[in-house]
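Reader: I'd like to go through how two chains meet, term by term. Can you show me what we're talking about?

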Amino acid sequence: MREIRIKPRRRFLVPVEAEGISPDVLAPLTLEDIERLEVWEGNRRSRLSDLFAIEGDDGPGEAEDAYLLLRGDFSRVKRIGEKMTCGMIEVDGDLGMHAGNGMAGGEISIRGGAGDWLGREMRGGLINVSGDAGDYVGAGYRGESCGMRGGEIRIEGDAGDYLGEHLCGGKITVLGDAGDFPGIANRGGVIIIGGDAHLPGAEMASGTITVFGRARVLPSYQYQDTVDIDGRSLKKFLGDLVDGGKGELYVASLEA
Amino acid sequence: MIIEGGIVYDPRNGVLGEEMDISIEDGRVVEESRDGDKIDARGMLVMPGGLDAHAHIAGAKVNTGRIMRPEDGRRGAEARTKLLRPQSGYTVPNCYAIGYRYARLGYTTAFEAATPILEARHTHEELEEIPIVDKGALTLFGNNWEVLECVRDGDLGKLAAFVAWGLRASRGYGVKVVNPGGGEAWGFGGNVKGIDDPVPNFGVTPREIIRGLMRANEALGLPHSVHLHTNNLGKPGNYETTLETLRAVEDIAASRDRQVLHVTHMQFSAYGGTGWKDFESKAPEIAGYFNRHQQFTMDMGQLIFGSATTMTADAPLEYGNARLLKAKWSNHDIELEESSGVVPLVYGRKMPINAIQWAIGLELALLTEDPWQVIMTTDHPNGGPFVNYPEVIALLMSRAKREEELASLHELASSRSSLPSIEREMGWEDIAIVTRAGPARILGLPEKGHLGFGADGDVSIYDIDPKKLDPSKDHERVKAALSRAKYTIKGGEVVVRDGEIVAVPQGRTYWVDASVPEDEAAKVRADLVDKFTRYYSVQLSNYMVQDAYVTRPRVVRAGVV
């Protein structure tokens, strides 16, 4: 395994576009080449080493053996792990928006929180978040008919609004609460919410959403019966009937 | 400028693969050029600049497509350069990308295919922003209340006067008719089912509308014929409606040396079957009819697999598309004139219907014997984006490529069409006709589509030697070379070199100014005052496209006085 450690040199005031911080991009490069990678801070072009201290094993190597350790505040650093297919990124701190965009394999593990659009249009792999995540986890970007299609996202804290919007496959687990409209317009995939959620599954065509806490259910959902999941009794609904949907929604407790 | 030693295909002037020089001076082809600029085109294919006679590139519905499809926008995103402005989009590119991408293909002229008069300002605002190419816009008349009333009253003189006024009001180039009567019926949630189905509240039939507008078009002697999108377009079994429409106008004669009717994106109008289950190609029937009737022309409307954005004034059709595909849908009512819709979709190789549609477009072009009767189009972006023209050309030139493609498609493409048995492979003469000389003749643009003296200095040069290359076998080379012109010359200026844009001049906008007798014009004016007072949401005085919207016009005169 080749370890590469990356640390911000300072606090960023404007977002940094760092799609290069991914095992696929960095693995074939030596440390010197990595330092020379182009990165944009707002409208200013820099070298990666201008913004980040980079150290670790000199390369090059295979992407599947790459282990990127990110320490510090990455909350304004966007697109980390974009389109990665293998390898591992571990983050000790918060991560910015669009982490794991279109990711196809490998793992991102975040000991901290994640920004909006985490794992957007993800195809495979695993993302773990020990803190909270922002809005649009596993969603499709503006106008897309499919968000996440495969892989798994696990969030130990809360998720923001529009969790799994246009979800077409894969699995998202949130141990805490989800915000408004989780699974909106989803066409497949699995969403499990440990806490509460508001109006899950609006426009759902197919897929499964399970809410172990309280949820407000849309009037366009049809009650089926009570089922037993993991030793708990949940109410099963089908919908969203507004869209002729055949999605399954399980809710532990109904919010009036 | 002298283009030296290229292998020239200029079918209108009978030049078929001759090695010759082309001289351009002051933007026109001349016998001898005085300046010393030289372009070495030895061993390269030289043709007149490409001309797209039917594409949706500007105006309200194109912009609706962009607004509906941010996901399409990011697919074609390219940053600005010192010379170029930022680009976006694949099926609905932004204005700049449209001009650049046409130029890279060697195209120098493109016509927007459908503009309602009410929204013509928007069309011209966008045309003004499309760089490099010359352009024009066809104006929609097929569902306009004034047209329907003139047809109902049998007042051909007034109809012609209104057409002339509408062209002027929209700064339009020709008469576009989309699902005549159906757009008006859609205002009440209905459609017309055939050419003899009366339009609600007007009592006129599509047959009468088409005949009336064609006779008005010929009375005015317009450079282009009526440009028709047939009734029942996109529906299984519609080839009968298409043939019935053509038979209904066989007696009308053209007033100029051109076709009397152009049926557009014929692929969508050549369907057999009673439903989607027994859907099949009727392209041989359509092409057979065209082979016996030289007065009609068509364009292919070839389907391209992948993402497309359908946009048309045929609003009921788009409603059907949206329901069938559960797709995004925009529907629009254009007051007294038209309705329209936009629906994005994806054409799949393994989808039986799409695979058959793909075959139909090619069948139409290959089975119609006279290439002057067919234009190569994809009905951009309805069948697919225009950047795929080199793919279509490669398919027309190579049976081997067609067989390779057929093998990757749903098998119904082979069993429900005649494409597998078609041996014809187009040569460079045919290609120069279906992409250049033909569209110029069909649109009535004598200075376009050829390289004779006095023609516009629009030339495309491709890095392939037609004497050495066999397009049938080496179709990949053909596609690659046509995708990135070695040179594109627009009005005597090199705009593309080695596939890259090197200059961004502004093209001109064609429109037709047709004169009519004053008494007929007065009748139209009185009607318009009444309609604008009672129905329109805008004032008549705010309605016309003013000259300020068309800063570089090329006005073509026509008319009866």
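**The interface, term by term**

Author: About 480 Å² is buried between chain A and chain B, with carbon and sulfur atoms giving 35% of that. This is a predicted model, where local features need pLDDT of at least 70, side-chain atom pairs count only at pLDDT 80 or more, and totals for chains, interfaces and linings use all residues. Residues are numbered from 1 along each chain as its sequence is written, chains are lettered from A and ligands numbered from 1 in the order in which they are written, and side-chain values use heavy atoms, with hydrogens and water left out.

Reader: What makes that area "buried" between chain A and chain B?

Author: Buried area is the accessible area (1.4 Å probe) that two parts lose on being put together, summed over both, so the figure of about 480 Å² covers chain A and chain B together. On the chain A side, R142(A), G143(A) and E144(A) supply 68% of what that chain buries against chain B, more than any other three residues.

Reader: How many residues from chain A and from chain B does the contact take?

Author: Counting heavy atoms within 4.5 Å as contact, you get 8 residues from chain A and 6 residues from chain B.

Reader: Why is the pairing of E144(A) and R75(B) called a salt bridge?

Author: The rule asks for a side-chain nitrogen of Lys or Arg within 4 Å of a carboxyl oxygen of Asp or Glu. The side chains of E144(A) and R75(B) meet at 2.9 Å, N to O, so the pair qualifies. The count between chain A and chain B is 3 salt bridges. By class, the side of chain A that touches chain B has 1 nonpolar, 2 polar and 5 charged residues; here Asp, Glu, Lys and Arg count as charged, Ala, Val, Leu, Ile, Met, Phe, Trp, Tyr, Cys and Pro as nonpolar, and the others, Gly among them, as polar.

Reader: How do you know how confident the predictor is in chain B?

Author: From pLDDT, the predictor's confidence in each residue, from 0 to 100. Chain B has a mean of 97, and 100% of its residues reach 70 or more. The model also scores ipTM 0.86 and pTM 0.94.

Reader: Back in chain A, what kind of peptide bond joins G59(A) and P60(A)?

Author: A cis one, with omega about -10 degrees. The bond from G239(A) to D240(A) is cis too, with omega near 0 degrees.
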